[in-house]
Amino acid sequence: MPNNQHPSELRQDIVSKNWVVIASGRSKRPKSYEGLKAAVLEQPKEECPFCNFDKQQGVQVSLIHPLTSKDPYLDELKKEGAPLPTWKKEPYSIIDIQNKFPAFVKDVDFKEKLVGPYRVLPGYGYHEVIIPASHNKTYGQLPDERVKEIIDVFQSRYLALAKEPHIDYISIIHNHRPEAGASIAHPHSQLFAIPVIPKDIRNSLHGSRKYFEEHGKCPHCEIIEWERKEKTRVIFENENFIAVCPFTSVVAFEVRIYPKLHSPYFERIEENEKISLAKALKFSLNKIYQALNDPPFNFFIHTAPADEQNHDHYHWHIEILPKVTIWAGFELSTGIEISTVEPEQAAKLLRDAE
Ligand SMILES: [Zn+2]
Ligand SMILES: [Zn+2]
């Protein structure tokens, strides 16, 4: 079992009530940060851990979509060169595995303790990696149905892990390029199922409820209605989703994708909505890729907690945060970015990019 010698810990700050994770076991990951950029950019398929699972020991697969020999996608994958990603010698289009260096593990005694004035929980939970078979194509370049398949896996694993004991929040994230935290070049996403509700989510839940109490309306629905009228910050809209550069963008070229119909829970998304979401996500990522020359970025899903409480006033969404500036002292100390790009300008640039 990885990480048993150094189980991670969740520690709660007594002032901000924010949780931090101390996961020293993860420092044994293969590459140090300094070496990442060159290593990632030059990672050929033959040396890619995500293209060679059959050569590795101890890979634990949670979900896989096999590809039949007649599937036309197999030819697409073969065009990317050898090796063709396989599991037990069979090709697949997407695989979900347990992270080899997990920040959270399920085999720990789930007991809270006090250390000095601090609350401490074991690093209990799940940490999985969702890996589409394509080594070269970012999500913005994949066919629509492959992006939809990634969303299928997000949803399946979310639903499976939400049932596990003590899981209060499930975070689905994507890091692109080492500057955004990716330690492997092959495009992939990660899922963290954890026993606490992050402070950011708590703040948003509280803010949404307060706004609802004061205005009788979900603030996100209000934003969507206003953005659809204004149009200047909208980059994409279809039947079910809208993508905008928010009026209060936290970073330059931030994009948010909202379901147009109010819903707190990503995991309740339906089949036709997943196709719509795949189109919105692919469009947004592709525009960022084109307009900003394949920049590092993070995207994540913000959805209501999995704690079985009522969160009807929340409105789930996806946030895409390109890393085009470096956060310096003022940004880190205040959380306020001084952006030189107006969201209206950013939206126009993204819309016009080809
Ligand atoms: Zn690969
Ligand atoms: Zn809403």
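This is a predicted model: local features need pLDDT of at least 70, side-chain atom pairs count only at pLDDT 80 or more; totals for chains, interfaces and linings use all residues.
## The zinc site

Four residues coordinate the zinc ion (ligand 2): Cys-218 and Cys-221, each through SG, together with His-262 and His-315, each through ND1. The distances run from 2.0 to 2.3 Å. Along the sequence, these donor residues follow the spacing C-x2-C-x40-H-x52-H.

Cys-218 belongs to the loop between α4 (199-215) and α5 (219-230), and His-262 to the loop between β13 (255-259) and α6 (271-291); the pair therefore ties together parts that are 44 residues apart in sequence. The arrangement of the four donor atoms around the zinc ion (ligand 2) is tetrahedral because the angles they subtend are 106 to 113 degrees, and four donors count as tetrahedral if all angles lie between 85 and 135 degrees.

The two residues of this pair are placed in separate accessibility classes. Cys-218 has a relative accessibility of 5% and so counts as buried, the limit for that class being under 20%. His-262, at 32% relative accessibility, counts as partly exposed.

## The four-stranded sheet

Four strands form an open sheet in the order β2-β1-β7-β6, and their pairing is antiparallel. Its edges are β2 (19-22) and β6 (113-115), each of which pairs on one side only. On average, and with direction ignored, neighbouring strands in this sheet are turned by 35 degrees against each other.

Within the sheet, β1 (residues 9-12) pairs with β2 in the antiparallel sense over four bridges. One residue pair can be named: Leu-10 has Val-21 in β2 as its bridge partner.

The loop between β1 and β2 contains Ile-14. With a relative accessibility of 42%, Ile-14 counts as partly exposed. Between Ile-14 and Arg-228 there are 41 Å in space, C-alpha to C-alpha, and the two are 214 residues apart in sequence.

## The nonpolar core

The largest nonpolar core comprises 64 residues. Ile-257 and Ile-320 are the residues with the most contacts inside this core. Helix α3 (residues 144-162) supplies the largest share of the core, namely seven residues.

At least three of its residues come from each of domain 1 (9-196) and domain 2 (200-352).

Key
Residues are numbered from 1 along each chain as its sequence is written. Chains are lettered from A and ligands numbered from 1 in the order in which they are written. Side-chain values use heavy atoms; hydrogens and water are left out. Donors are N, O and S atoms within 2.8 Å of the metal (3.2 Å for Na, K and Ca); water is not among the atoms, so sites may look incomplete. Four donors count as tetrahedral if all angles lie between 85 and 135 degrees; four count as square planar and six as octahedral if opposite donors are over 155 degrees apart and all others between 65 and 115; anything else is irregular. Helices (H or I, at least four residues) and strands (E, at least two) are DSSP runs, numbered from the N terminus. Buried means under 20% relative accessible area, exposed over 50%, partly exposed in between (1.4 Å probe, protein chains only). Two strands pair if DSSP finds at least two bridges between them. Axes are lines fitted to C-alpha atoms, for helices over the stretch in contact, and angles run from 0 to 180 degrees between N-to-C directions. A nonpolar core is a set of buried Ala, Val, Leu, Ile, Met, Phe, Trp, Tyr and Cys residues joined through side-chain atoms within 4.5 Å. Domain bounds come from an automatic or database domain assignment.
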